[in-house]
Amino acid sequence: MSTAVIVALCLGAIIIAGLAFYAGQLLYKLSAQKKLIAKKQAEQKQKLAASRLKRNAKLADSIHLIARAMKEEQCEFSEGCLRVWVLMSQYGFEDERDLTIQYSGIYKMYQVVKEMPTHDARKKYSKKEIFKQDTARWRAEESYSDEIKADCVKIISEFKAAPGSENVVFN
């Protein structure tokens with residue numbers, strides 16, 4: 001073999017070795033980057049889970065307190081059901097459940113009052129219209145009261161109060 005062929009083979013081998021080394025470095029960096037991304041995703045998932053738990057604890061405390069107030073008749077059923085239903089719809093349950101069946105009394109009352117105006121919006125209506133809405137609300141409160149009270153008992157046992165708030169006294 002001639003010297004030129006040997007030099008060309010050696011030069012080719014050096015180039016191939018250099019490219020292989022460079023490819024190895026890139027693969028190592030890619031592997032390190034994947035590990036870093038996986039670590040960041042795990043941290044993010046953990047933060048999200050902690051945030052969800054904290055949010056659920058606040059929601060559970062609010063739901064519990066409102067249900068206790070309704071059970072002790074310190075809060076009108078219409079207002080309590082409206083508030084509890086909205087809070088429960090934001091709560092992150094671990095399993096799928098049909099709240100309309102599980103808490104049917106609260107859901108029925110919510111359906112009656114959800115479209116009724118409150119606060120300043122009531123001022124836009126005549127006294128006659130407001131009285132008509134109030135009468136419908138009172139009738140619904142009366143007809144669903146037993147179901148709502150039963151739902152409140154279920155809620156109080158399922159949604160735990162935050163430490164310290166179980167001692168809240170309603171006057």
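Guide: Here is a walk through the salt bridges, pair by pair. Keep in mind that this is a predicted model. The count comes to 12 salt bridges.

Let's start with Arg68 and Glu72, whose side chains meet in a salt bridge at 4.0 Å, N to O.

Next comes Glu73, which forms a salt bridge with Lys149, their closest N and O atoms being 2.9 Å apart. This pair links distant parts of the chain: Glu73 belongs to the loop between H1 and H2, Lys149 to helix H5, and 76 residues separate them. As for accessibility, Lys149 is partly exposed at 29%, and Glu73 counts as exposed because its 53% is over the 50% cut-off.

Now for a pair out on the surface. Asp120 and Lys123 form a salt bridge, with 3.2 Å between the closest N and O atoms, and both residues are exposed.

Glu76, Arg122, Asp134, Arg137 and Glu141 are linked in a network of salt bridges. As for the general idea behind all this, side chains of opposite charge can pair when their charged atoms come close.

Key
Residues numbered from 1 in each chain as written. Predicted model: local features only at pLDDT ≥ 70, side-chain atom pairs only at ≥ 80, totals over all residues. Heavy atoms only, no water. Helix = DSSP H or I, 4+ residues; strand = E, 2+ residues; numbered from the N terminus. Buried < 20%, exposed > 50% of the residue type's maximum accessible area, 1.4 Å probe, protein only.
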